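Grab a pencil and work through these exercises one at a time. Try each task yourself before you read its solution.

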Amino acid sequence: MSFEIGIMTFGEIARDPIGGALPSPRQRVRDSIEQAKLADEVGLDVFGVGEHHRSDFVGSAPAILLAAAAQATQNIRLTSSVTVLSSEDPVRVWEQFATTDLLSAGRAEIIAGRGSYAESFPLFGYDLADYSDLFREKLDLLLRIREHNPLTWSGRFRAPLVDADIAPRADGGSIPIWVGVGGSPASAISTGRLGLPMALALLLGPMTFHQETVELYRAAAAEAGHDADALPISINTHGYVGSTSQQARDIMYPSFAQGMMENNHQRGQGFRLPRAAFDAQASASAGLLVGSPQEVIDKLLGYHQLYGLNRAIIQMGFGGMSQQQHLEAIERLGTEVAPVVRREVGSRELVSA
Amino acid sequence: MTLRVVVINGSPHEKSKTLGLVDVILQTLSTILPITVDRIDVYRLGAAFGLATEREEVGAELEAVLQRAEHADLLIAAVPVYRGSYPGLFKHFFDLIDQYALANKLVLLAATGGGDHHALVLEHALRPLFGFFQAMTIPVGIFASAGDFDGTVLLNPRVYGRIEVALTDVADLLRSRATGAMAWAATSADGGRPPES
C-alpha cells in the first residue's frame, strides 16, 4: 500500500503572532484554496478542512471549501478533517460530498468524527448527553446511504427514510469514509469492528501515543472478520516543514502556542505552552511533525514503521501563521519530504514482500 | 449453593458507565458460579434516607434496604468518581451501615472515571472505607475510564481481562461464601434475579 502525505487546515482567522494583521474571513477562504492549489501542484496526496463553528475559523462548512478546492486542483484528494457527524444530517453530508466528488472527478473523502469541540451540538439542536448514540446512528446511516439507493432506514434522531432516492451518487460509485479517532479505546474498537479506515488524531505526546489504539483497532477488526492488516490508518498531527530545524521551530512555536492558548484550556482558561515544552514535543521521539525536511522525513518513516501507516496529514498554521510561511512549508513538504518518504516506504515494502 | 450478590450503585443516573461496568462483572461472575443479584441505587433511596443521621432513626423500609446490604455474600461497591472520590450519598449509605456488619464481608471494588488519572480512587478512597469496616476486599479492584465505553457499553478488552483476573483470584473463596439456596439457582438467562417471594 502506498504512503500518502497531505495537509489540513481549520482555516484559522488569527493574527500571525510574528507580526501580521488579523486576516479577513474573505482572505482566509482564499488562502485555504491557495494552500490546496499549491499542495496539488507540488504533488501532495491529500488536502483536508476541519469543521469548527466559531468566528476564529472559516471552516464551518468544509464541503463548500472542498468544492472550491476541487475547481482549483487536479489530482489531490479532498477530505473533511473532520466532519462532525454527530450533529449533521447524514443525508445532507452525503449530498454535499457526492457533489464535491463529481466536481473533483472522484477525489472526495469524508473523515467522520465525534468532534472535539462541542459548539455544533446546541447549534443544530442536539444534546451532548446523546454523544455516543448520535455518532453510532449517524455513521450507520451514512454507510447505508453509501451502499444503497433507494434506501429504507429508521432511527432515533431523524425522520425515517422510505424508499428514499438520495442523489447524486458518487463519481466512482463510492466515497472513502474514514473515522476520526482521538485515542479512546472504545472508538478504536468500534471503528475496527466496522472495518472502516481509521484517522488518528495526535495533538501532543510521544510518537508511541497511539500504539494501544492501533492494537485494539486491529484486534477488533480481526475479531469481526475484517482483513485487519489491509485496513488503512492515517495519522493527523500538527507540524511545520522549515528550511532548518531551528527555523521550523521558530516559525511554528509562536502560532502553535497561540492556538493552544485559544483552544486547549486548563482550569477553564487558556494556558501558554512554554517554549521548552514545545521543543520537547518537537524532539525525535515526540509526535509533532516539525523540523527540517530531513527531520520530518525521519519522523514520517518512524510513524510508518510504528503503526503500519498508510497516510499522514499534517496540520500547519494552527493558531495563525502568515500565508507566505504556510505556503513555503507546503512546498517543502511536497518537493523535499514526500518524494523521499514515498521512495523509502516503497523500498521497505519491496523488502518485506 | 448460590452466591447472593448485592450491588451498591453510587451513580445517580438511570443508565451509567458504572452500571455498564457492573453488568460485565456480573456476567463474568455468573460464569464462575450461580448468583442472584440485588441492586441498591443510593440515589433512589429518597429524601428520608438523605436526612437520616442515625441508624435508629430510619424507617422500616430503609432499615430493610440496609439489612440487604449487610446480609450479602458479596458486596459490589460501584461508583463514579465525583470530585476526586466516591459520591457523597454513597458514603452516606455506609455511614448508616452497622459498624460490625461488614466484618470479613467479601467486597469487590469498582469505579469509573473521566480518565485513567482517577484509577487510584479504588485504593485511596474505596479500600480505606472498607478497611474501617474490616471487610475482606478482593485484592484486584476494577477501574474503567470514559474512553473504554461506547455510551454505557464497556468495549475495552483489557478491562474485561482485569475483571476475569479479579474474580478468578478468589473463585474458591466465592464458592465457599455462597449461602443462597440452590433451588432457584439463577443463570444469566433470567438476569440473575431471585424469584418473586
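**Exercise 1.** Leaving aside its neighbours within four places in sequence, which residues is Ala110(B) in contact with?

*Solution.* A quick word on the ground rules: this is a predicted model, where local features need pLDDT of at least 70, side-chain atom pairs count only at pLDDT 80 or more, and totals for chains, interfaces and linings use all residues. Residues are numbered from 1 along each chain as its sequence is written, while chains are lettered from A and ligands numbered from 1 in the order in which they are written.

Step 1: two residues are in contact if their C-beta atoms, placed from the backbone, lie within 7 Å. Step 2: with that rule, Ala110(B) touches Leu21(B), Val22(B), Ile25(B), Ile76(B), Ala77(B), Ala78(B), Gly141(B) and Ile142(B).

**Exercise 2.** Check the length of helix α3 (residues 90-103) of chain A, then find its buried residues.

*Solution.* Step 1: helices are DSSP runs of H or I with at least four residues, and strands are runs of E with at least two, numbered from the N terminus. Step 2: the expected span is 1.5 Å times one less than the number of residues. For the 14 residues of α3(A) that gives 20 Å, and the end C-alpha atoms are 20 Å apart, so the two agree.

Step 2: a residue is buried if 20 or more other C-beta atoms lie within 10 Å of its own, exposed if 12 or fewer, and partly exposed in between. In α3(A), the buried ones include Val93(A), Trp94(A), Phe97(A) and Asp101(A). Step 4: the buried residues of α3(A) pack against α2, β3, β4, β5 and α5 of chain A.

**Exercise 3.** Is Thr168(B) buried, partly exposed or exposed?

*Solution.* Step 1: find Thr168(B) in helix α6 (residues 157-169) of chain B. Step 2: count the other C-beta atoms within 10 Å; there are 13, so Thr168(B) is partly exposed. Step 3: look across to Thr28(B), which is 140 residues away along the chain, though the two C-alpha atoms are separated by 9.6 Å.

**Exercise 4.** Describe chain A as a whole, then its contacts with chain B.

*Solution.* Step 1: chain A has 11 helices and 14 strands. Step 2: of its 353 residues, 49% count as buried. Step 3: the C-alpha atoms of chain A fill a box of roughly 60 × 50 × 45 Å along the principal axes. Step 4: at the interface, 8 residues of chain A are in contact with 7 residues of chain B.
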